[in-house]
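Please read them with the structure open.

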Amino acid sequence: MAIRLIKISVVYFVIGVCMGMYMSMKESFDFTPVHAHINLLGWLTMAVAGLIYVGFPSAAETTLAKVHFWIHNISLPIMMIGLSFLVSGNESAAPAVATGGTLMVLGIIVFAINILKNVRS
């Protein structure tokens, strides 16, 4: 799971950086919340989780690690697409943001449980 998390985090990093560059070139920053969440929850959070799993391979080999990976990578696009529509003025996208955000919190809780159960000195 460590390598998968690190590799997918780089994909989110490229998306976030390109989005930031596009916003700067257009001098339109309406999508700043999407840009920030992609960089924080996509790039940073997944990279750190991957590095934790490199350091603690027993945690990386669990079903909890797989569940965390999939919940995180399903919820983030749902939340970011919904947030993109929401900041564009489409209020009907709020349930997508709420659903993706709730799933994201669930995925992070699964990650926390995995770390607390399986990371030892």
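1. Is Asn39 buried or exposed? Asn39 is buried, at a relative accessible area of 17%; buried means under 20% relative accessible area, exposed over 50% and partly exposed in between, with a 1.4 Å probe and protein chains only. The residue sits in helix α2. Setting aside residues up to four places away in sequence, Asn39 touches Tyr12, Phe13, Gly16, Val17 and Leu44, where contact means heavy atoms within 4.5 Å.

2. A word on the source. This is a predicted model, in which local features need pLDDT of at least 70 and side-chain atom pairs count only at pLDDT 80 or more, while totals for chains, interfaces and linings use all residues. Residues are numbered from 1 along each chain as its sequence is written, and side-chain values use heavy atoms, with hydrogens and water left out.

3. The overall make-up. The protein chain has five helices and zero strands; these are DSSP runs numbered from the N terminus, with helices being H or I of at least four residues and strands E of at least two. Along the principal axes, the C-alpha atoms fill a box of roughly 50 × 30 × 15 Å. Of the 121 residues in the protein chain, 39% are buried. Among contacts between residues at least 6 apart in sequence, 74% join residues at least 24 apart.

4. Helix α1. This helix covers residues 2–26, 25 residues in total. From first C-alpha to last, α1 reaches 36 Å, close to the 36 Å expected at 1.5 Å a residue; the expected span is 1.5 Å times one less than the number of residues. Its buried residues are Ala2, Leu5, Ser9, Tyr12, Gly16, Met19, Gly20 and Met23. Helices α2 and α4 (63–87) are among what covers them. After α1 comes Glu27, which has a positive phi near 50°.

5. The α2 and α5 pair. Helix α2 (residues 32–55) packs with helix α5 (residues 94–118) at an angle of about 20°, the axes being 12 Å apart. Axes are lines fitted to C-alpha atoms, for helices over the stretch in contact, and angles run from 0 to 180 degrees between N-to-C directions. The angle makes α2 roughly parallel to α5, since angles under 35 degrees count as roughly parallel, over 145 as roughly antiparallel, 65 to 115 as roughly perpendicular and the rest as oblique. On the α2 side, Leu41, Ala49, Ile52 and Tyr53 meet Met104, Ile108, Phe111, Asn114 and Ile115 of α5. These contact residues divide into eight nonpolar, one polar and no charged; Ala, Val, Leu, Ile, Met, Phe, Trp, Tyr, Cys and Pro count as nonpolar, Asp, Glu, Lys and Arg as charged, and the others, Gly among them, as polar.

6. Gly107. What does Gly107 contact, leaving aside its neighbours within four places in sequence? The partners are His68 and Ile71. Gly107 lies in helix α5 and counts as buried, at 0% relative accessibility. Between Gly107 and Ala65 there are 9.6 Å in space, C-alpha to C-alpha, although the two are 42 residues apart in sequence.

7. Thr62. This residue is placed in the loop between α3 (57–60) and α4. Thr62 counts as buried, at 15% relative accessibility. Beyond its neighbours within four places in sequence, Thr62 is in contact with Asn114 and Asn118.
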